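Thanks for coming. I will go through one structure today, starting with a term we need and then moving from salt bridges to the ligand and the surface.

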Amino acid sequence: MTDIDQLRNKIDDVTLQMLRLLKQRTDIASQIGNLKRNSGIGVFDEIREEQLRSEVSLLCREIGLEEDLGKKFLNFLLNESIKVQTDGRQTHLTIFAKAKSLEQQGKKIIHLEVGEPDLAPPQQVKGALAEALDKGFVRYGPAAGMPHLRSALAEHFSAKFGAPVKQENILVSPGGRFAIYLAMSTLLSPGDEVIVIEPAWPAYRDCAINAGSKVRTVATTLDDRWEPSLEQIEKTINSNTRMIVLNYPNNPTGKILLPEIQDKIIDIARKHDLYVLSDEIYSEYAFSRWKSAASSNYEKTIVTQSFSKSHAMTGFRIGYTVADPKIIDIMTKLQALCITNVAEPIQYAALKALQADTSGNVKSIRTKLDVIISEAKRAGLEFVVPDGAMYVFANVPKPGFDGVEFANRLLNHGVAVAPGEGFGSYKGFIRISACQDENKLKEGMRLLDGALRENI
Ligand code: PMP
């Protein structure tokens, strides 16, 4: 056997041994997951992870392995554990799917779980769809979006959010969700770290994990009025950190950061050369002082926007990204690969929707939110009055309360709510959406209150 053959045999052996160890590790992670589930302990444990991270650093130094590589490998292993332990995790979408299935069986459900305004899309949209056919917008188009729409969006964004942008800063995508997926899939590499401030919309974590990246959580609390600690953000950053995600007005808490605090977070990102992914889908529903992250003039900022909430166009599946042209270009390449382009009739409808006055939607959501706020107070729920968005994120002050169990049982009473656990380690919380008409909201809250009192 030649030297190279011998070494190849050795390397194969090591690789197969590593796979056996990976299987062993995953089985143990799964057993830990079962124990956590049975004792009501959350999946994520930053303190434990940090301890292991220190041990890995120490070992790397001892054996002469590059520390960054060791930590990236650890991130891969931690993600595998998280995947097995979160398999079957219940989010607002799980409850939404169950509610829809009950409706198909003829049961009436009041939807307080999903963020879908019951408002009509703008009038302009109706005619636009027919017009798009007449005008021949029925073919393949440029991957980044129709030039007309991109420049109208640039104009709209510049005027509305005080951040001058041009057509080349815009990418039109099928909804904010896909824009976030594109940003994370193109800007992150396996082993990279992303900071997510929790509670958070679950797709940030899922998209990051899908890109092979590790999510580092900065948890916020009701007691701290959902204010993230700048110190904790700084402490969480290391040489593998690539991105921080912001979402204000926030889903699920409705929190809006003071512009000065948001600027400080962006300064931290700038100092550490991180991307800032700012999901601003609820900007239309900002009921206190709010500022787009794009106005900070930091070239690694990616803002995602959507017509879903502002224009009540969830079913049209259209949103957009605002970022540096270099970022737009790489995201566009992946979009072209996945979907070619957003359907042109839908893009044309969005172009016309931009002309609509959406202030009625804002008033309506404000009124609905006020209904939920007063009913939730009456029911004795604990929450911070939201600064924006369309939700109340409330703690249920009952010993041992489990949001997942409650949300599932409440379905039998004809009401759907989102369990807090879908947004992080918030077992005692539920998220209530203000998206139905006022009577339904009142009825839903009455049933919810009754269910809590009767201890169902
Ligand atoms: N971001 C947040 C915070 C959301 O709550 C949602 C939808 N609920 C989205 C993005 C995605 O919206 P869409 O894909 O419909 O634009």
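First, the term: a residue is called buried under 20% relative accessible area, exposed over 50%, and partly exposed in between, with a 1.4 Å probe and protein chains only. By that rule, Asp449 counts as buried because its relative accessibility is 16%.

Now the background. This is a predicted model, in which local features need pLDDT of at least 70 and side-chain atom pairs count only at pLDDT 80 or more, while totals for chains, interfaces and linings use all residues. Residues are numbered from 1 along each chain as its sequence is written, and side-chain values use heavy atoms, with hydrogens and water left out.

Back to Asp449. Which residue does Asp449 form a salt bridge with? The partner is Arg453, with the closest N and O atoms 3.2 Å apart. A salt bridge here is a side-chain nitrogen of Lys or Arg within 4 Å of a carboxyl oxygen of Asp or Glu. Both residues lie in helix α15, residues 438-453, and they are four residues apart, about one turn of the helix. Helices (H or I, at least four residues) and strands (E, at least two) are DSSP runs, numbered from the N terminus. Arg453 has a relative accessible area of 60%, so Arg453 is exposed.

How many salt bridges does the structure hold? The count is 28. One of them joins Asp192 and Lys72, with 3.6 Å between the closest N and O atoms. That pair links distant parts of the chain, 120 residues apart: Asp192 sits in the loop between α7 (176-187) and β3 (193-198), and Lys72 in helix α3. Asp192 is buried, at 2% relative accessible area, whereas Lys72 is partly exposed at 26%.

Another salt bridge is formed by the side chains of Arg216 and Glu193, at 2.9 Å from N to O. This pair also links distant parts of the chain, with Arg216 in strand β4 (residues 214-219) and Glu193 in strand β3, 23 residues apart. Arg216 is buried at 4% relative accessibility, and Glu193 is buried at 0%. Both belong to a network of salt bridges that links Glu46, Glu49, Glu50, Arg53, Glu193, Lys214 and Arg216.

Next, the ligand. There are 14 residues around the ligand, and Gly176, Asp279, Tyr282, Ser306 and Ser308 come nearest; a residue is near if one of its heavy atoms lies within 4 Å. A polar side-chain atom of Asn251 lies 2.8 Å from an oxygen atom of the ligand. For Lys309, a polar side-chain atom is 2.8 Å from a ligand nitrogen atom. Arg177 takes part through a backbone N or O atom, 3.0 Å from an oxygen atom of the ligand. Taken alone, the ligand exposes 400 Å², and the protein buries 92% of that. Those areas come from the Shrake-Rupley method with a 1.4 Å probe.

Last, the surface. Which residues make the nonpolar surface patch of about 370 Å²? They are Val14, Met18, Phe73 and Phe76. A patch takes residues with over 30% relative accessible area and no salt bridge, joining nonpolar side chains (Val, Leu, Ile, Met, Phe, Trp, Tyr) within 5 Å and like charges within 9 Å. Helices α1 (3-38) and α3 (67-86) each supply at least two of the patch residues. Met18 is found in helix α1, and Met18 counts as partly exposed because its relative accessibility is 42%.

Terms used. Polar contact = N/O pair within 3.5 Å; in protein donor to acceptor, adjacent residues only side chain to side chain.
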